[in-house]
Amino acid sequence: MPGLVLFGRRWAIASDDFVFPSFGETILRLSWLIVLIVFFAAHQNGFNCDNAQNLKSFYIGTIVLNSIGLINIVVILRISMKGTIKDTWPRRFICWPLYAKIFLLLPEAVWVCLSTYWAFGFSYTCLWSVVWTVRGTVICSWVVGCLTFFGILASFDPLGSLAISRRDSVSSENQGADESLTMGSIIAANEVWENRCRVLCCCIACNPDTQNAFTDVGKLVAEFFHELDLVPTDLAAGIMLVYEKQANMDSQLYSVSTSPNPPLGDYSQCQPKSWMTIFNMSHYMKFAMGSYGWPFYLYQNILTGACRLCSSYRCCSCMRKANGIFKDNICQCNTAAIKKLTHLHENDLIYVTFHNQFKQVPFYVALDRPKNTVVISIRGTLSLKDALADLSARGATLDIPGVENSYCHAAMLDCANYIKSKLESLNILEAAFGQLREGAALVLVGHSLGAGVAAILSVLLRPQYPDLICFSFSPPGGLMSASASKYTREFVCSVVVDKDIVPRLGMYTLTDLKVKILQALCETNKPKYRILATGCLRLLCCLTPSGDSRAEERNNVLSRAGARYTEERSLLQGQTLQDALRVAEHQLQEMGKTEWPLHPAGQILHIRETSRKHEYDAVWSRPECFDKIIISKKMVTDHMPNTVSRVLDELADRQYVPLTQLTSAHLQASQEHLLT
């Protein structure tokens, strides 16, 4: 860091990012060189077949070019390994070998094309080992060339020229030009991120309903990364440093929220309702999993899933219409998965739809006859349309009589209104209740995106069904305001497993994570390649950071020349890493003052892994306990529906009863387990 400047523009790659690519290329080129030299020396007398001169020329030319390229890449590797993330002084000359490598690409490309013609354009009677060594080398050369081309594309920064223009305006102290360029860079950044979103979601980019969503998401991401001169590997290294720091810090790191605007209401006593039991959660989680259909069932049963579903298939369903089932495939595989996961009969499914558009999520309505309930299960994120709805993080007013400052996630509110309109227009709930005994209840369930939609839908339906209840599994963190969340405590039960990242996601928590990343990068003096290598090793080998590396870092101080060089570079670019940190800290403070924090709905059961591996306990927790993102190897796997179901089944088998009050001792225990 900061981004490397080549050919008069900034690139999304830093001078210390060439260690791993150069090391891999060094091994590859050295292997090629050894093989070519050995074969050329061993078969000096074997070049006596037809067109043998072509093969001999290939060997000589390739050995020469590989030798030059090997020397160049070793120089790049050696320079890139010098210094640290902040100390770029030892790497100040890396541009020259990079220019040399780029100019070497032209003769290498010409030689590869010529070698391809020689290797495959003639028939040879030479030894097959000599011929196929040439052909194998040519094929590998094309593969490496393609990888190099995609690497250059990946490191291209569309805003690189604007970054250099801003640097020049700052260096010339032209304030007016700097302001106009700043506005231009903001607009350009919004367009770049919007276009990137469209490319990633190209299959839905032409849908007119998603146009505003792409614009909002692009603006949101651009604002988050604005004035942040970091390359992607800097962010990766910062995340690994935060992970190491969190694992080494004391339990005060995860103490109760320090958010400037704590949620309304007294959460010191958590009194769950009688129906908020582990057994009910485990039971209704099966309904939430069923909404994911056959993809999740096959994921859960990789080897036997397809065979298990065979008995529930309804082949040729296009000619044998089933009442109440819409937008399923020809064999109704999704409906078959629902029946397998929930053990429901076909006549227990009142309405099933897998219609999926932006802000229109699949759901189904079923009868749970043993419990005399009607269940509405809403699917979580399983498509790009769902992901776009997740990212459309605008706020919208949630109309709750008598509750002030009530608002929620706008896209999820639209999803809830879509389901509500379907239920009302088709009289689905009336038909469902007509098939159950008197006193039947309404239960809403969902996981992830479906959990957020289910919680908001329960608010919308409660005037008509005052006794409804909702189980919200792994709900999104940026769901609803504190006052709305407090209102839903009577009828919504949220379940969060251990270090799940989704219930902790929100603009405030993401900005807080950005501050922590910048702080970690400011404090460290480790080389980036060591940070990344150590972090990957820990992830692959499931190791936990141990010890304190601060003593080592204190010994790695910047030299005087390095400090002066870094300061001059920072002045030219108009912003130092410390300046970026101060801007982020100010942004975090202002966000806490001007924006209301968003939380999961209702009462929250936090399931935690104990010191014994794969054994869990649970405690009723407060929304404030989820206002920090915890970097962990399990932060994604803890969100998966099969993990949630497995953990709830384990607690149900043990007949576990969660703690109903967060005493100071319980709170300390709750935080200490996160550090293991």
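Two residues are in contact when they have heavy atoms within 4.5 Å of each other. With that in hand, let's look at one residue of this predicted model. Leaving aside neighbours within four places in sequence, Thr-335 is in contact with Ile-325, Asp-328, Leu-349, Val-352 and Phe-354. Thr-335 sits in helix α12 (residues 333-342). Helices here are DSSP runs of H or I with at least four residues, strands are runs of E with at least two, and both are numbered from the N terminus. Thr-335 is buried, at a relative accessible area of 1%. Buried means under 20% relative accessible area, exposed means over 50%, and partly exposed is in between (1.4 Å probe, protein chains only).

A word on the ground rules: because this is a predicted model, local features need pLDDT of at least 70 and side-chain atom pairs count only at pLDDT 80 or more, while totals for chains, interfaces and linings use all residues. Residues are numbered from 1 along each chain as its sequence is written, and side-chain values use heavy atoms, with hydrogens and water left out.

**The whole chain**

The protein chain has 24 helices and 15 strands. Of its 676 residues, 51% count as buried. Its accessible surface comes to about 31600 Å², and 60% of that belongs to carbon and sulfur atoms. These areas come from the Shrake-Rupley method with a 1.4 Å probe, and for residues only the protein chains shown count as cover. Now take the contacts between residues at least 6 apart in sequence: 75% of them join residues at least 24 apart.

**Inside: the nonpolar cores**

In soluble globular proteins, nonpolar side chains tend to be buried together. A nonpolar core is a set of buried Ala, Val, Leu, Ile, Met, Phe, Trp, Tyr and Cys residues joined through side-chain atoms within 4.5 Å. Which residues touch the most other members of the largest core? They are Val-365, Ile-376 and Leu-398, out of 44 residues in that core. Among the elements that give two or more residues to this core are strands β4 (349-353), β5 (363-368) and β6 (373-378), along with helix α14 (410-425). The largest share, nine residues, comes from α16.

At 1.5 Å a residue, its 13 residues should span 18 Å, and its end C-alpha atoms are 18 Å apart, so the two agree. The expected span of a helix is 1.5 Å times one less than its number of residues.

**Helix α4: both sides of the story**

Is Val-131 buried or exposed? Val-131, in helix α4, is buried, with a relative accessible area of 6%. Val-131 touches Leu-55, Tyr-124 and Cys-126, not counting residues up to four places away in sequence. Val-131 and Ala-119 are 12 residues apart in sequence and 7.4 Å apart in space, C-alpha to C-alpha.

Leu-147 is in helix α4 too, but Leu-147 counts as exposed, at 57% relative accessibility. Helix α4 (residues 128-155) gives the most to the patch, with three residues.

**Salt bridges**

Side chains of opposite charge can pair when their charged atoms come close. A salt bridge is a side-chain nitrogen of Lys or Arg within 4 Å of a carboxyl oxygen of Asp or Glu. The whole structure has 23 of them.

| Pair | N to O distance |
|---|---|
| Glu-25 and Lys-101 | 2.9 Å |
| Glu-244 and Lys-526 | 3.6 Å |
| Lys-628 and Asp-627 | 3.8 Å |

Glu-244 lies in helix α8 (residues 232-248) and Lys-526 in the loop between α18 (507-523) and α19 (528-541), so this pair ties together parts that are 282 residues apart in sequence. Glu-244 is buried at 9% relative accessible area, and Lys-526 is buried at 11%. Elsewhere, Asp-16, Asp-17, Arg-91, Asp-234 and Lys-528 are linked in a network of salt bridges.
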